[in-house]
Amino acid sequence: MIVKIEGPIATFAKWKAMVQSNSEKIKKYGMTFLYAGTEKDNDSKITTIIRFDSMDGLKAFKADEQLHKERAAAGVVLEKSVTTPMGEDLLEQYKGCLLYTSPSPRDSWASRMPSCAWKKK
C-alpha cells in the first residue's frame with residue numbers, strides 16, 4: 001500500500017532527524033519512504049510518498065501515539081496533515097528509453113540504438 005502524506009512542518013531538518021531517530025519503528029511498520037521533501041518555493045510544506053508492506057503496518061503507524069507526539073515535537077502540524085491512499089497501478093524509477101527498431105535512411109551508417117539501451121541492469 002502506498003500513501004501520500006502532505007502537510008505543514010517547521011523545518012525539513014527537524015523532520016528528517018525525527019524520522020532517522022525512529023528507524024526501528026519505520027522497519028517495524030514496514031515503511032519505505034519513496035520520496036520525502038518540501039516544495040521548491042515553500043520549505044514549510046512537506047510531501048512524503050511512503051510504501052507500507054501491509055495495511056496492518058499503516059494502521060499501526062496511525063495508532064502510534066508516541067510517534068504522533070514525536071512528529072508534533074519535530075514541527076509536524078498533525079491536524080493539518082492530509083493522508084491520501086495511492087493506487088497500486090504505478091510507474092516508479094522510470095528513466096525513459098526509446099528503442100528504435102529500424103535504422104533511419106538519413107543516418108543508416110550510424111547506430112540508432114540509444115545509449116540508455118547499452119547499460120547493463
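What share of the contacts in the chain with a separation of 6 or more comes from residues 24 or more positions apart? The legends below start with that.

**Figure 1. Overview of the predicted chain.** Residues 24 or more positions apart supply 63% of the contacts with a separation of 6 or more. Contact here means heavy atoms within 4.5 Å. This is a predicted model, in which local features need pLDDT of at least 70 and side-chain atom pairs count only at pLDDT 80 or more, while totals for chains, interfaces and linings use all residues. Residues are numbered from 1 along each chain as its sequence is written, and side-chain values use heavy atoms, with hydrogens and water left out. The chain holds four helices and four strands. Their pattern along the sequence is β-α-α-β-β-α-α-β. Helices (H or I, at least four residues) and strands (E, at least two) are DSSP runs, numbered from the N terminus. The chain has 121 residues, of which 27% count as buried. Buried means under 20% relative accessible area, exposed means over 50%, and partly exposed lies in between (1.4 Å probe, protein chains only). The accessible surface of the chain is about 8700 Å². Carbon and sulfur atoms account for 55% of that surface. Such areas come from the Shrake-Rupley method with a 1.4 Å probe; for residues, only the protein chains shown count as cover.

**Figure 2. Helix α1 against helix α4.** Two packed helices are described by the angle between their axes and the distance between the axes. Helix α1 covers residues 12-21, and helix α4 covers residues 65-73. They pack at an angle of about 155 degrees, with their axes 9 Å apart. That makes α1 roughly antiparallel to α4. Axes are lines fitted to C-alpha atoms, for helices over the stretch in contact, and angles run from 0 to 180 degrees between N-to-C directions. Angles under 35 degrees count as roughly parallel, over 145 as roughly antiparallel, 65 to 115 as roughly perpendicular and the rest as oblique. The crossing of α1 and α4 is right-handed. A crossing is right-handed if the near helix is turned clockwise from the far one by less than a right angle, and left-handed if anticlockwise. From α1 come Lys-14, Met-18 and Ser-21. They meet Leu-67, Glu-70, Arg-71 and Ala-73 in α4. By class, this contact of α1 with α4 has three nonpolar, one polar and three charged residues. Ala, Val, Leu, Ile, Met, Phe, Trp, Tyr, Cys and Pro count as nonpolar, Asp, Glu, Lys and Arg as charged, and the others, Gly among them, as polar.

Figure 3. Helix α3 spans residues 55-63. The axes of α3 and α4 come within 6 Å and cross at roughly 60 degrees. Phe-61, Lys-62 and Ala-63 in α3 meet Glu-65, Leu-67, His-68 and Arg-71 in α4. The contact of α3 with α4 has three nonpolar, one polar and three charged residues. His-68 sits in helix α4. It counts as buried, at 18% relative accessibility. Beyond its neighbours within four places in sequence, His-68 is in contact with Phe-61, Lys-62, Ala-63 and Leu-78.

**Figure 4. Ala-36 and Thr-48.** Ala-36 lies in strand β2, residues 31-39. At 26% relative accessibility, Ala-36 is partly exposed. Thr-48 lies in strand β3, residues 42-52. Thr-48 is buried, at 4% relative accessibility. Neighbours within four places in sequence are left aside in the contacts that follow. Ala-36 is in contact with Phe-12, Trp-15, Thr-47 and Thr-48. The contacts of Thr-48 are Val-3, Lys-4, Ile-5, Trp-15, Phe-33, Tyr-35 and Ala-36. Ala-36 and Ile-50 are 14 residues apart along the chain, and their C-alpha atoms are separated by 8.4 Å.

**Figure 5. Ile-9 and Ser-44.** Ile-9 is in the loop between β1 (2-8) and α1. At 5% relative accessibility, Ile-9 counts as buried. Not counting residues up to four places away in sequence, Ile-9 touches Trp-15, Thr-38, Asp-43, Ser-44, Ile-46, Gly-75 and Val-76. Ile-9 and Thr-38 are 29 residues apart in sequence. In space they are 9.1 Å apart, C-alpha to C-alpha. Ser-44 belongs to strand β3. It is partly exposed, at 31% relative accessibility. Leaving aside neighbours within four places in sequence, Ser-44 is in contact with Gly-7, Pro-8 and Ile-9. The C-alpha atoms of Ser-44 and Phe-12 are separated by 7.5 Å, with the two residues 32 apart along the chain.
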